[in-house]
Each structure stands twice: as C-alpha cells, then as structure tokens.
Amino acid sequence: MSQAIDFQQGAFTMLNDEKKAIKDAFGRAAKTYDNSASFQRRVGHLLMEMNTDWEGKTVLDLGCGTGYFTKQILELGTNMIALDLSDKMLEQARSRCGDSVDYVSADAEALPLADNSVDIAFSSLALQWCHDLSVPLNELKRVLKPGGKILFTTLLEGSLEELKQSWRQVNGQSHVNTFLSHKQVNIALAQAHCNHYHIECKPITEYYPSALALMRDLKGIGATHLQEGRSAGLVGKRAFIELESAYDVYRNEDGTVPATYQVCFGAITNE
C-alpha cells in the first residue's frame, strides 16, 4: 500500500442522502460506463496534455471511475492511487489496471490520504458532483507536495443547454443539473487559497444519432442523479417521443443532434 494512504489522517464520513444517491447512480452504471464515455475520454485526454512530466510521480486519479485514465497515466511510469466514491467503479478499475495500483473508496471532500504525499492530482469531470468546489480543492492542496500540481476539469453552467431547453418544451422541467459559473469557479479557487493557477473554459460538442441516444449515454455513465429530485426523472415513453420532436430545432442536416458541454480546464500549482 502506498505511503500516501493514511486512513488515520483521512476522514471517513457518513454519506448524506445526496452523496449516497450519486454513489448509487454511478454504481449502477459501472458496467456500462465505458460504452458511453466518449465525451469523458475526449476531455480527459485534453487534460492529460496539460502536463508533460509524469514519470516517477505519485499520481492521484480522483473520481477514477472504471480506471481508464488510471491506466493511461500508469503506463507513463507513475505510481497510481485510484480513488472513487463508488466501490463498483473501483471494481471495474481493478479489473482494468490490476494490482499495481492503490484503490481507495472515499469522498473527494474528505480524502484519506496523508499530507504532502501526492505529486500530481488528476481529476476529470468528477468535481461537479461536489456541493462546494472549494472543499475538494482544499483537500487536494492538503495532500499535494510542495510544487505539486492539480489538474482538473469540471462542467460549467450552460452545459447540455440543448437538452435542457428541449425538456422544458416537453414538461417545463430541465432534467439537467445546475453547474457552476466561471465566476463561481474563481471564487472557489480563492476560497481554497489557490494562488498559482490557470483555467480555460471552452465548449465541447458531441453529436448523437438522436436525443434518445444522448439520454442513453447519460444513463450509461451514471449522470442521472438530478438536483430537481427523483420525481423529475420519472418520465414515460410519450415524453421521450416529445423530447425527440423538441430537439428538432437543433438537428443537423445529417440527422444528428448536438450536446454541448461547457468545460473548465484547470491547472493549480501548490506553491
């Protein structure tokens, strides 16, 4: 086990109802995730390109999911810690990466890792599930060595706007979670005392054969927990037919429909 892992120092917390619902949603999606994660891989590879010095480093993959990027980074000659809220996701990660990785089931807001123990913290499209972004950023800074680096991506407001507006045409609800604004990300960075950072925010669009195919992919990656509440997610077959029709305003000439994500790429140096 890595010396970075210190279960006495880290905090084991009882999950509240919100976190438990998120954990359960991703647990249900563990076996289907890889088939629906085209966007996630596209973003993660762009994040990896923001760093060129990996070899010999101890790297935390925070929100590792099925371990796709854990393995990608492991093959660059690193010592990997794969951490996720979902035990079932970690089972998939272990199947992919084997026993050369340390696996940790934990909440990003209470990391069971020792202070100053990690060279690089890598977290792609996981931090948007935290209620207060400054909390996991503070935790990541705590476990990072002096001069270490945090690389992260998170979704911003305006993500899945086409889907949100189409659902509102159907039943008046957005069926899309609320994400932070660019300003709120900057506030979280300030609250976490991140003084040396660079962030870049840009839209990334994926195309699907239908609105239903988009919804299937969102279900396939586990992104189905809605802040609106469970009842907002209970829709019938007719609603999906109406959704397809409402999405026509965005449909391309080739018949595909867009799903646009607003993505924040961040690099923080711990100095």
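The mean positions of the 26 positive and 34 negative charges of the protein chain lie 4 Å apart. Lys and Arg count as positive, Asp and Glu as negative; His and the chain ends are not counted. Each charge is placed at NZ of Lys, CZ of Arg, CG of Asp or CD of Glu. The model is predicted: local features need pLDDT of at least 70, side-chain atom pairs count only at pLDDT 80 or more, and totals for chains, interfaces and linings use all residues. Residues are numbered from 1 along each chain as its sequence is written, and side-chain values use heavy atoms, with hydrogens and water left out.

The secondary structure of the protein chain comprises nine helices and seven strands (DSSP runs numbered from the N terminus; helices are H or I of at least four residues, strands E of at least two). The radius of gyration is 19 Å, close to the 18 Å given by the globule rule for 271 residues, so the chain is as compact as a globular protein of that length. This radius is taken over C-alpha atoms, and the rule is 2.2 Å times the number of residues to the power 0.38. The C-alpha trace spans about 55 × 35 × 35 Å along its principal axes.

The accessible surface of the protein chain is about 13,100 Å², with 47% belonging to carbon and sulfur atoms (Shrake-Rupley method, 1.4 Å probe; for residues, only the protein chains shown count as cover). Of the 271 residues, 53% count as buried. Buried means under 20% relative accessible area, exposed over 50%, and partly exposed in between (1.4 Å probe, protein chains only). Among contacts (heavy atoms within 4.5 Å) between residues at least 6 apart in sequence, 77% join residues at least 24 apart.

Helix α8 (residues 211–220) is largely enclosed by the rest of the structure, because seven of its 10 residues are buried. These are A211, A213, L214, M215, D217, L218 and G220. Their cover includes α6 (161–171), β6 (197–208), α9 (237–246) and β7. Just after α8, G222 takes a positive phi of about 90°.

In helix α5 (residues 134–143), the buried residues are S134, P136, L137, E139, L140 and V143. An α-helix has 3.6 residues a turn, so residues three or four places apart point the same way. Cover for the buried residues of α5 includes β1 (58–62), β4 (118–124), β5 (144–155), α7 (182–191) and β7 (257–269).

L160, in the loop between β5 and α6, has a positive phi of about 55° although it is not a glycine. L160 is buried, at 6% relative accessible area. H193, in the loop between α7 and β6, likewise has a positive phi of about 55° without being a glycine. H193 is exposed, at 54% relative accessibility.
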